[in-house]
Amino acid sequence: MTITFPDGNKREYARGTTGMEIAESISKSLAKASVAVSVNDNLWDLKRPIEGDAQLNIIKRDDEAGLELIRHDAAHILAEAVQELFPGTQVTIGPVIENGFYYDFARDEPFSTEDLEKIEKKMHDIVDAAQNFEREVWDRNEAIKHFKSIGEEYKAELISDLPETETITIYRQGDWLDLCRGPHMVNTKQIGHAFKLMKVAGAYWRGNSDNAMLTRIYGTAWRNEKELEAYLTMLEEAEKRDHRKLGRELELFHFQEEAQGSVFWHPKGHIIYNQMEQYIRRRLRDAGYQEVKTPQLMNAKFWEASGHWSKFRENMFVVPDVVPSTDEDGPVFKEEPKEFMAIKPMNCPAHVQIYKQGIKSYRDLPIRMAEFGCCHRNEAHGALHGLMRVRQMTQDDAHIFCREDQITEETIAFCQLLQSVYTDFGFEKIKVKLATRPETRAGNNDTWDRAEEALETAVKTAELDYEIAEGEGAFYGPKLEFHLTDAIGRSWQCGTIQLDFVMPERLDATYIGEDGDKHRPVMLHRAILGSLERFIGILIENHAGRMPIWMSPVQCVVAPITDEAKPYAEELYKDLWEKGLRVEIDARSEKINFKIREHSVLKVPYIFVVGKREAEEGTVAIRTLGGKNQDIKSRNDAVQMLVDEAKAPY
RNA sequence: GCUGCCGUAGCUCAGUGGUAGAGCACACCCUUGGUAAGGGUGAGGUCGGAAGUUCAAUCCUUCUCGGCAGCACCA
């Protein structure tokens with residue numbers, strides 16, 4: 001048989017030669033470094049015989065694919081360790097994930113932190129035992145029977161659910177075996193010792209909350225100790241950038257239990273919030289949007305019409321439309337409420353109401369209606385997460401009412417606007433997902449074809465990399481999602497644009513076409529930041545609290561060194577204040593070192609230090625946050641520099 | 001909502017079956033000091049809440065509320 005290597009070289013081997021043997025035929029050192037092979041782009045075990053002509057790539061331990069094998073093997077070793085230490089525990093699945101792996105177990109007792117230590121120790125023993133991984137092909141029914149006989153109900157279920165055509169492979173390491181597609185390295189020793197069990201958590205069997213909850217053990221695994229250490233250090237560093245921690249330290253906001261999931265914005269935090277809102281307002285104005293404001297509370301009948309009452313009610317805050325009683329001991333309401341109001345969870349239905357006032361012509365379209373809409377959603381307790389997942393949020397929401405032939409153009413314009421905004425905030429890594437038609441959906445296939453195509457054309461035109469999220473669109477239309485990541489790499493959806501053919505129909509929005517007949521407009525639901533709360537959270541983490549100067553709560557602190565310099569410092573402060581800068585003066589009788597430390601900790605971008613010398617010469621000693629040196633400028637230059645630098649990017 | 005862990009001063013955290021401690025922050029005083037913590041004194045806690053066990057509970061038990069991690073959810 002002919003084996004073709006990545007560099008195009010071809011060599012002849014006897015049928016049934018293994019990857020290992022091929023590696024050995026090239027060089028001893030290669031054979032030693034290799035852990036698997038890719039045969040026609042499928043990963044195979046090193047010891048598996050190759051039966052015909054193939055494209056072959058030898059995977060070394062240091063390759064990216066090698067790292068995945070380390071993690072995959074580690075998951076198996078974890079499972080073996082757990083079953084040895086805790087007999088009766090059932091194994092389920094254990095995939096490789098970013099930075100590591102996990103394995104889900106079914107066991108009545110949860111694992112404690114001490115258990116984790118024991119398990120980890122056992123894993124090291126298994127590695128040292130250098131057990132070979134052996135691949136075996138089993139008969140499907142035999143396999144099911146086997147796993148049932150040893151009480152592994154979950155494994156048996158997994159096998160029964162595999163397609164009939166699938167080859168059932170079992171991997172054995174020592175006396176332990178597991179259902180697995182493979183491949184694995186040659187033996188357990190190869191994974192090395194650069195792994196660590198991180199945490200225990202609950203997880204539903206097959207990701208469905210109706211199913212039993214399993215116990216998941218997360219681990220991280222790397223090629224060597226150095227990589228492991230680097231990863232653990234990175235996690236520690238990331239913790240310091242947690243927006244919840246920085247929010248407290250920088251006096252930006254707080255939460256308290258009487259208003260779970262709703263932000264108390266402090267003066268400094270609210271400056272960031274306002275700067276962001278004003279920035280977006282300028283962008284929207286220039287992009288042809290009109291801003292509106294709609295009611296917070298609306299009658300339940302209204303939400304019935306929009307479809308939210310049936311589809312979204314469990315996430316809504318509902319208020320009885322009854323005058324409450326003031327009797328101290330009596331019930332809150334004297335009469336049974338007959339009518340209900342609901343606090344808006346979304347702005348779209350209200351925007352349709354504005355659209356519907358008066359008659360719209362095709363000439364009026366597109367209408368781009370924006371609102372910094374304050375929405376409430378009754379999110380599950382476990383879902384709440386600092387600013388990232390709140391119950392009260394403000395969306396930079398807008399709805400574009402347009403004709404079908406305007407969808408592409410509008411979507412392209414949106415993608416470009418979004419990209420430009422994200423660049424202004426310093427984001428380069430945006431994950432874009434195109435969520436396509438779900439199984440249950442409204443509208444016919446033709447419409448969906450056009451809608452999906454419009455979105456795809458738009459991301460392509462905007463030159464964004466994207467991935468397809470099959471079947472994850474809304475029931476009323478496909479959507480684009482724009483994701484950003486937080487300090488520890490969790491991904492959060494921020495921007496979005498969603499095509500909607502359903503709501504205009506439900507709420508009877510129309511326009512008069514060129515032909516004089518009534519037509520349905522299409523609605524594009526779109527948000528650039530998503531919610532101001534989440535976006536600020538991400539922004540804080542990405543900048544580690546050092547906000548760009550135009551958003552910085554305090555842009556400059558004037559710090560006199562002695563009382564002698566105070567009058568000069570006050571003049572300078574007044575100057576900056578009158579130029580509209582957010583400036584403070586620190587005239588306390590503290591040493592300059594102390595003041596510099598304090599304002600540096602609070603991440604103030606500039607400290608203007610003035611002493612006797614500066615007062616006499618009419619200069620300013622400028623200290624930049626994080627900088628080591630001071631920069632002496634004339635008073636006017638210093639002020640002008642700050643004015644220039646503090647300008648918003650748009 | 002589910003599983004696990006956690007809850008002591010504003011913050012970070014010690015601690016004990018006999019009603020509490022440190023550092024920072026805070027207040028006052030001294031210090032006027034040239035680029036990341038000058039010194040002194042002082043104030044501050046129903047040990048998340050409720051019930052139980054006990055002569056006695058911050059500590060043990062149960063419930064409850066909240067936080068954290070993961071899962072589920074996320075228009």
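The talk below takes the labels one at a time and checks each against its cut-off.

Tutor: Ground rules first: this is a predicted model, where local features need pLDDT of at least 70, side-chain atom pairs count only at pLDDT 80 or more, and totals for chains, interfaces and linings use all residues. Residues are numbered from 1 along each chain as its sequence is written, chains are lettered from A and ligands numbered from 1 in the order in which they are written, and side-chain values use heavy atoms, with hydrogens and water left out.

Student: Okay, salt bridges. What makes Glu 166 and Arg 181 a salt bridge?

Tutor: The rule asks for a side-chain nitrogen of Lys or Arg within 4 Å of a carboxyl oxygen of Asp or Glu. Here the N to O distance is 3.9 Å, so the pair passes the test. Glu 166 sits in the loop between helix 6 (153-161) and strand 10 (168-173), and Arg 181 in the loop between strand 11 (176-179) and strand 12, so parts 15 residues apart in sequence get tied together. (Helices, H or I with at least four residues, and strands, E with at least two, are DSSP runs numbered from the N terminus.)

Student: Why is Arg 181 called exposed?

Tutor: Buried means under 20% relative accessible area, exposed over 50%, and partly exposed in between, with a 1.4 Å probe and protein chains only. Arg 181 comes out at 69%, so it counts as exposed. Glu 166, at 30%, is partly exposed.

Student: How do you know that Glu 410 and Arg 368 make a salt bridge?

Tutor: Their side chains come to 2.9 Å, N to O. Glu 410 belongs to helix 13 (residues 407-424) and Arg 368 to strand 20 (residues 367-376), so to speak distant parts of the chain, 42 residues apart. Glu 410 has a relative accessible area of 6% and therefore counts as buried; Arg 368, at 18%, is buried as well.

Student: How many salt bridges does the structure hold?

Tutor: The count is 40. Asp 631 and Lys 633 form one of them, with their closest N and O atoms 3.2 Å apart. Salt bridges can also share partners, and that joins Glu 64, Arg 223 and Glu 227 into one network.

Student: What about disulfides: how many are there?

Tutor: Zero, by the rule used here, which wants a pair of cysteine sulfur atoms within 2.5 Å. Take Cys 348: the closest cysteine sulfur, in Cys 375, is 8.3 Å away, so that is too far for a bond. Cys 402 is in no disulfide either, with the nearest cysteine sulfur, that of Cys 415, 14 Å away.

Student: Why is Cys 402 called buried?

Tutor: Because its relative accessibility is 0%. Cys 348 is buried too, at 3%.

Student: Last one: why is helix 16 called largely enclosed?

Tutor: Ten of the eleven residues of helix 16 (residues 532-542) are buried, so the rest of the structure largely encloses it. The buried ones include Leu 532, Phe 535 and Glu 541. Just after helix 16, Ala 544 takes a positive phi of about 50°.
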